[in-house]
Amino acid sequence: MTIQAYAWLAVAVVMVIVEGVTFSLVSVWFAGGAVAAFFAALLKGSFPVQLLLFVAVSAILLAGLRPLARRHVKSRKQPTNADRVIGRVGIVTEAIDNIQATGAVKVDGVEWTARSEYDAVIEPGARVTVLRISGVKVFVEPAVVPART
């Protein structure tokens, strides 16, 4: 093996190690390019050919396989216990006024800082539905109360 083949092999190993540490799905594709250049070096290809193979194979792998790999490896959102209040109905305990930055609701016995999803002022005692959570605030809208028959 030539010194160039060893160098490409070292580049491939370093790229795999970097990917293992960062898990960003970027450097692993350059490892593939280095392996292609390694084989070119074993076949006594010139350095420009090796370099061209490294760049071309890395670019093809990065552009072609990274989006596919990200879909399968993408971290999934872990629901928390707080997520269970989304869609629940609560009672306003402090007037919700986005301009004044005030508001609180009680949902399932737990008091939350609240904001109106649509900037409407909602008075205490009103029933609201939780639409989403952002940090420690719930975003709500007035609840639709079914008519009694």
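How many bridges join strand β1 to β2, and in which sense do the two run? I looked this up before anything else, and I kept in mind that the model is predicted. I found four bridges between β1 (residues 89-97) and β2, with the strands running antiparallel.

**Entry: the chain as a whole**

I stepped back to get my bearings. The protein chain holds three helices and five strands. From the N terminus on, I read the elements as α-α-α-β-β-β-β-β. Of its 149 residues, 27% are buried.

**Entry: β1 and β2**

Back to the opening pair, this time residue by residue. I see V92 standing opposite V105 in β2. The two strands make a hairpin with four residues between them. In that turn I picked out A101, which has a positive phi of about 60 degrees.

**Entry: β2 and β3**

Next I followed β2 onward. Strand β2 (residues 102-107) pairs with β3 (residues 110-116) in the antiparallel sense, over four bridges. I noted two facing pairs here: K106 has E111 in β3 as its bridge partner, and A104 stands opposite T113. This hairpin has two residues between its strands, and D108 takes a positive phi near 55 degrees.

**Entry: closing the sheet**

Where do these strands end up? They belong to a closed barrel of five strands, in the order β1-β2-β3-β5-β4, with mixed pairing. Neighbouring strands of this sheet are turned by 50 degrees against each other on average, direction ignored.

**Entry: α1 and α2**

Then I turned to the helices. Helix α1 covers residues 3-22 and helix α2 residues 27-42. Their axes come within 8 Å and cross at roughly 165 degrees. An angle over 145 degrees counts as roughly antiparallel, so α1 and α2 are roughly antiparallel to each other. I also recorded the handedness: α1 passes α2 in a left-handed crossing.

Which residues meet between these helices? On the α1 side I listed several, including W8, L9, V11, M15, V16 and E19. On the α2 side they include S27, V28, F30, V35, F38 and L42. By class, I have 17 nonpolar, two polar and one charged residues in the contact of α1 with α2.

Technical notes:
Residues are numbered from 1 along each chain as its sequence is written. This is a predicted model: local features need pLDDT of at least 70, side-chain atom pairs count only at pLDDT 80 or more; totals for chains, interfaces and linings use all residues. Side-chain values use heavy atoms; hydrogens and water are left out. Two strands pair if DSSP finds at least two bridges between them. Axes are lines fitted to C-alpha atoms, for helices over the stretch in contact, and angles run from 0 to 180 degrees between N-to-C directions. Angles under 35 degrees count as roughly parallel, over 145 as roughly antiparallel, 65 to 115 as roughly perpendicular and the rest as oblique. A crossing is left-handed if the near helix is turned anticlockwise from the far one by less than a right angle, and right-handed if clockwise. Contact means heavy atoms within 4.5 Å. Ala, Val, Leu, Ile, Met, Phe, Trp, Tyr, Cys and Pro count as nonpolar, Asp, Glu, Lys and Arg as charged, and the others, Gly among them, as polar. Buried means under 20% relative accessible area, exposed over 50%, partly exposed in between (1.4 Å probe, protein chains only).
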